[in-house]
Amino acid sequence: MTVRLGDIAPDFTADTTDGTIHFHEWLGGSWGILFSHPKDFTPVCTTELGAFAKAKPEFDKRNAKLIGLSVDSVESHQAWKGDIAETQGQALNFPIIGDEDRKVADLYDMIHPNANDTLTVRSVFIIGPDKKIKLTLTYPASTGRNVAEVLRVLDSLQLTADYQVSTPVDWRDGDDVIIAPAIPDDEAKQKFPKGFTTLKPYLRLTPQPNK
Ligand code: BEZ
């Protein structure tokens, strides 16, 4: 199944390292980061899981829950946890789905047969509190993800959900943002009292409104 931006995130029930979860119920009113890794006891995955676990306080601050997945068993994940803690200096602190029957992997199209016909690619889905898909990322097995980038886009998604702005290239939390072109100048003056700079009629920059 193809999962696209704006779709409702497919719901499922799955066994995880923290017990059985019903996905939508587990998400509650939080944002969610559902991400797959190809295989337990492999080098890049070990570094990624450690890095996401280290960054969990940052995801908590943003009201975002992390959940991992591979087509290994929960027992395998449990056995692997020790290696993550030992080599990455950080114990796992969020659930990993044991998706041996590939039910969730298939629901989210995480197996790309022309890359590998049995293992999941490195997918990331960011899901909003409305349960809609806000962002998808796909990396190959050979390339570990960048946790700072996941946090950066989460900041952008949360900001742009609340304000009529968008974020420019390489934007980071605290940088100026772009006023939606559909807002006329007189309305923009009311909505963005910190003022704005007009580079072009369609390119107006304003200080980040929630700072
Ligand atoms: C890794 O995590 O290093 C990895 C996993 C599966 C295939 C290739 C690399």
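E75 is found in helix 4, which covers residues 74-88, where helices (H or I, at least four residues) and strands (E, at least two) are DSSP runs numbered from the N terminus. This is a predicted model, in which local features need pLDDT of at least 70 and side-chain atom pairs count only at pLDDT 80 or more, while totals for chains, interfaces and linings use all residues. Residues are numbered from 1 along each chain as its sequence is written, and side-chain values use heavy atoms, with hydrogens and water left out.

**Overall architecture**
- The secondary structure of the protein chain comes to seven helices and 11 strands, and the C-alpha trace spans about 60 × 35 × 35 Å along its principal axes.
- The domain assignment gives domain 1 (13-145) and domain 2 (163-206), with bounds that come from an automatic or database domain assignment, and the C-alpha centres of domain 1 and domain 2 lie 35 Å apart.

**Burial and exposure**
- Of the 211 residues of the protein chain, 44% count as buried, where buried means under 20% relative accessible area, exposed over 50%, and partly exposed in between (1.4 Å probe, protein chains only).
- E75 has a relative accessible area of 57% and is therefore exposed.
- T206, by contrast, counts as buried because its relative accessibility is 1%.

**Surroundings of T206**
- T206 is found in strand 11, residues 203-206.
- T206 and I178 are 28 residues apart in sequence, and their C-alpha atoms are 6.4 Å apart in space.
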